[in-house]
2 protein chains.
Amino acid sequence: MNTAELVELGQQLRVDSVRASDAAGSGHPTSSMSAADLMAVLLAHHFRYDVDRPAHPGNDRFVLSKGHASPLLYSAFKAVGLVEDAELLTFRALGSALEGHPTPRRLPWVETATGSLGQGLPVGVGIALAGKRLDRAGYRVWVLCGDSELAEGSVWEAAEHASYEHLDNLTAIVDVNRLGQRGTTRHGHDLDAYARRFQAFGWHTVEIDGHDVDAIDRALGQARSTAGQPTAILARTLKGKGVASVQDREGLHGKPLKNAEEAVAELGGRREARIRPQEPPAVRMLHAVPAGESEPPEFGLGETIATRDAYGRALAALGSARGDIVALDGEVGDSTRAELFAKEHPDRYFECYIAEQQMVAAAVGLATRGWVPYAATFAAFLTRAHDFVRMASISGTGINLVGSHAGVAIGQDGPSQMGLEDLAMMRAVYGSTVLYPCDANQTARLVATMAGLDGIRYLRTTRGASPVIYGPDEEFPVGGSKVLRSSGQDRMTLVAAGVTVHEALAAADALEREGIRARVIDLYSVKPVDRTVLRRAAEETGCLITVEDHHEEGGLGDAVLDAFLDGRPVPRLRRLAVRTMPGSASPEEQLHAAGIDAVSIAAAGRLLLTEA
Amino acid sequence: MNTAELVELGQQLRVDSVRASDAAGSGHPTSSMSAADLMAVLLAHHFRYDVDRPAHPGNDRFVLSKGHASPLLYSAFKAVGLVEDAELLTFRALGSALEGHPTPRRLPWVETATGSLGQGLPVGVGIALAGKRLDRAGYRVWVLCGDSELAEGSVWEAAEHASYEHLDNLTAIVDVNRLGQRGTTRHGHDLDAYARRFQAFGWHTVEIDGHDVDAIDRALGQARSTAGQPTAILARTLKGKGVASVQDREGLHGKPLKNAEEAVAELGGRREARIRPQEPPAVRMLHAVPAGESEPPEFGLGETIATRDAYGRALAALGSARGDIVALDGEVGDSTRAELFAKEHPDRYFECYIAEQQMVAAAVGLATRGWVPYAATFAAFLTRAHDFVRMASISGTGINLVGSHAGVAIGQDGPSQMGLEDLAMMRAVYGSTVLYPCDANQTARLVATMAGLDGIRYLRTTRGASPVIYGPDEEFPVGGSKVLRSSGQDRMTLVAAGVTVHEALAAADALEREGIRARVIDLYSVKPVDRTVLRRAAEETGCLITVEDHHEEGGLGDAVLDAFLDGRPVPRLRRLAVRTMPGSASPEEQLHAAGIDAVSIAAAGRLLLTEA
């Protein structure tokens, strides 16, 4: 395309952005208009993509980090023939695939859900990592960012990660339109301010007028030819560019234009140009080939071993059996035991340093390319990445997250290192699976099982060693549970998971010595829960005592309730959980202080009977 | 102190760090030893602090961002006479105030809990903001950072915030010991790499040998005399400095020295020097004076107004009544309505741009200086700051968080903007209060009430307008509820909050037309819940239907259970919540699709009766 044609294409994208937002009665046309020329030149000259085959392994990848500019994205989809005009005008309507912010659940051309700012670039880094280190397919990753979102720290985690990994297949195109939602950004049109930051983080930078299509073309070309480092194109643009009544004006964020018809006329009227991006090169996918044969590790009954150790060993074995397994860790691989995978599969291990948001984002990016990521850090520090987990669930991306050092059972390090909110966080994520094993064989099985599930899969592991209570051939289906003690005389049921399973067993033994029989359920599948077994226990024993190394809200105790929400009578319930703020102490002292050790459980059981 | 004395003091801090960790049998002596000289010179020559009056308004503030180096901090406490040697040796023991990672709950000299890396500097920015813009007391804020934690994006949110606000009263001292937990950092001893980044973000930087006490002295002096921008001192250090067997070696993070006695000997033996920091200047606190008289806004019955609007108006009025109220917002003040406060009290408003972690950290920092912060953004984006909220709860800091645009009720913008996990997140925070008003007068009351509570207070607001159903004089105690419909013939209870209160009322009306009476409870206090009213409703009506604009896990439905965990019989329960992944649609369509509108509630009520 020549200059005039590129200018025309930019205007077409603006017109369609205005029209789509007008049809919806909401949306962000002005944020789309600032980036329209950037998008036009990218599509026409630099983006290699087989429109008919979104899954083509050689396709370039595009991420709209400023997800609110969805009208621009959908207008671009129309320009390449993926969307018809009639569908474009369903923007934001009930049932339309063209949502207010793009998600891949219904649009195969969208790599990842955006709309929470500062996440597109981090995920783009993950995709570029896959391209560079795993797929080696030569595709490029283009991320269109807003300027406002550069205030998010996650962008700088991404910047650091990308330059450290020499991701020259990654380009950030920053639409510096100087206006945020409620006013100007910190740096306005000071492109140098952004360039200095990206350069300091090891990026190549180019500063351009974002409405000069020839300058854009040269900058994108420069990004493609820059070796050894990622490129950031800092483009000076005007919000609402092309329509005088809204151009470069404050107070118009997220609002359709007042008079769309006039605006379209001012932009030169409707155009219906169709363009075809360049074809991607033919490539083969590497990870389709399994790595080899390998059995999961087996642990002997009675052996004592921490579930985090079992995680590391199981993951290393899974990596041997399957070539598509990759692991990430937040600079605590010696604690989470991800280092065991790293040692055996260094090519598929990604050290993310202390940047949990970027770790989860990289996992999401890797997953978009078909890899099966396991990302681990302390359970407590996964809270750092909560918004990324939330957005991954909106994407429908399948990732495995592993939180080690759960609960007060870690001991002396104190509350800052204790995951006591992670079950609540992970359970509330849409479509998630939450697993919490109590022994090494169970852990090993669940690690392998997780790989095949949809959505966010969370595994909670424990720092300290615990006895192996299951044989290596025992099965642990998701949504199941294990009844570890049961008799016709059970007068209560102890429901536990992870570290508290062992405490509950000891409590049941103590109670039995007093003639009180208690059923014990290992609820390793915290979400979904085993409704059948819980309901039977309620019917047969009358009351349930849940015991968890977690705050009392949102964890195991609340999960059990899920079995009793169909209007049936609910059993008597008592919940033992961490209700105080722990300090430092030994693991045993911590469990006792929190009232979730065997002694406390037995006491609660006796008390419940006196109240019956 | 002369050079030799400073060197001696550094050695004393090392010796005591080794001894404390040895007594505990755990801890991080090597991470303490690298920073010992930095700490010694700071304490002896630059830190102004009245040891007997930790609350002295003129005191300098110190934040140990690398919280695992707590042995160093406690050794410093000993050197200034705050801790005796016997107490030092209780490090990490049950009941000791000297926890594995420092918290202010039991140590008045600690400003904020640390131990989750990358949080100390962000909170330090908040304290420095208070010093610069509010207290104007001339104190300085010194933050000792690790090099590993500079990978956290939150550090760069803080860097941006600090330079933008010209916080020349803030100094980051970075202990660049090149070793993280499991190996080397990305940049090793490349001080320039860090300096480039801080400079790009607008900081003054100084690079020094972190074991040259004279160089440290000059650098700290330079930090004090640098005007208009914060200073980062990048200090090249050796982990485990001073003991050959551990110095600059990998694999020794978080481990006591094998032979403490030998190490102490190698460090020159025990010393018991006592030093006295310089006195702070006399200052007066400004915010002790209330701003004036102002009544909370009042809204007329039947008027329709969004609770987010009521938040903005109530906060602006509270700011007029009380001089200690401050507000922060994440560049969405036009949405959260924090802009109403900004307009009336620009001197006490802090625009944090799109950096939610830094926003919460700044709120924590401001709170440490006695200010009462209200920090607002979309409820969905508070998930970004989850780890900061968690750490604030460990600190015991009192902050108010406000999440707007809760739930599917926002409509067209789609799931990325919908807070559907926020109740679960906030409920699971230790000691939190969770409030969710349904009308404007209730919001206004709760906004004022929040200010006086302990810990994390969360208010959830709604985007769309709703009718005012309470008079302006109605009281809304925390832990209370409002019974909006009640009769002797109630066959069920609808428990709702926020937007679903209005749907529940409409459902009750519909059911009543069919001869079915339903009680309606407005559970505006989601944590703590009104156990008395819920129990009475259970007894009198037999079953409860909870209705919430939130995912089904961890929210209102689970909260209600809290009333029935004392072993008493639990009523029949049914939970209506958001169980699907929403797309774009109008607010009404969203509520219907999620099954939480009046029609769906009435249908659930009928169904429950057929099952009874």
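Predicted model: local features only at pLDDT ≥ 70, side-chain atom pairs only at ≥ 80, totals over all residues.

In chain B, helix H11 (residues 307-321) packs against helix H18 (residues 440-450) at an angle of about 40°, and their axes are 8 Å apart.

**Helices H11 and H18 of chain B**

- On the side of H11(B), the contact is made by B:Thr307, B:Ala310, B:Tyr311, B:Ala314, B:Leu315 and B:Leu318, while H18(B) contributes B:Ala440, B:Thr443, B:Ala444, B:Val447 and B:Ala448.
- Sorted by class, the residues of this contact between H11(B) and H18(B) comprise nine nonpolar and two polar ones, with no charged residues.

**Helices H11 and H18 of chain A**

- In chain A, helix H11 (residues 307-321) and helix H18 (residues 440-450) pack at an angle of about 40°, with a distance of 8 Å between their axes, which makes H11(A) oblique to H18(A).
- H11(A) passes H18(A) in a crossing that is right-handed, and the residues that make the contact include A:Tyr311 and A:Leu318 of H11(A) as well as A:Thr443 and A:Val447 of H18(A).
- The contact of H11(A) with H18(A) divides into nine nonpolar, two polar and no charged residues.

**Helices H3 and H9 of chain B**

- Helix H3 (residues 36-46) of chain B packs against helix H9 (residues 213-225) of chain B at an angle of about 55°, and the axes are 9 Å apart; H3(B) and H9(B) are therefore oblique to each other, and they cross in a right-handed sense.
- From H3(B), B:Asp37, B:Leu38, B:Val41, B:Leu42, B:His45 and B:His46 meet B:Val213, B:Ile216, B:Asp217, B:Leu220, B:Gly221 and B:Arg224 of H9(B).
- This contact of H3(B) with H9(B) holds six nonpolar, three polar and three charged residues.

**Interface of chains A and B**

- Contact between the chains involves 106 residues of chain B and 105 residues of chain A, and the two chains bury about 8800 Å² between them, 51% of it on carbon and sulfur atoms.
- Of the area that chain B buries against chain A, 10% is supplied by B:Arg186, B:Arg384 and B:Met581, more than by any other three residues.
- The rule finds 18 salt bridges across the interface of chain B and chain A.
- A:Arg575 forms a salt bridge with B:Asp562, in which the closest N and O atoms are 3.8 Å apart.

Note on methods: Residues numbered from 1 in each chain as written. Chains lettered and ligands numbered in written order. Heavy atoms only, no water. Axes fitted to C-alpha atoms, helices over the stretch in contact; angles between N-to-C directions. Helix = DSSP H or I, 4+ residues; strand = E, 2+ residues; numbered from the N terminus. Contact = heavy atoms within 4.5 Å. Nonpolar A, V, L, I, M, F, W, Y, C, P; charged D, E, K, R; others polar. Buried area = accessible area lost by both parts, 1.4 Å probe. Salt bridge = Lys/Arg side-chain N within 4 Å of Asp/Glu carboxyl O. Parallel < 35°, antiparallel > 145°, perpendicular 65-115°, else oblique. Left-handed = near helix turned anticlockwise from the far one by under 90°.
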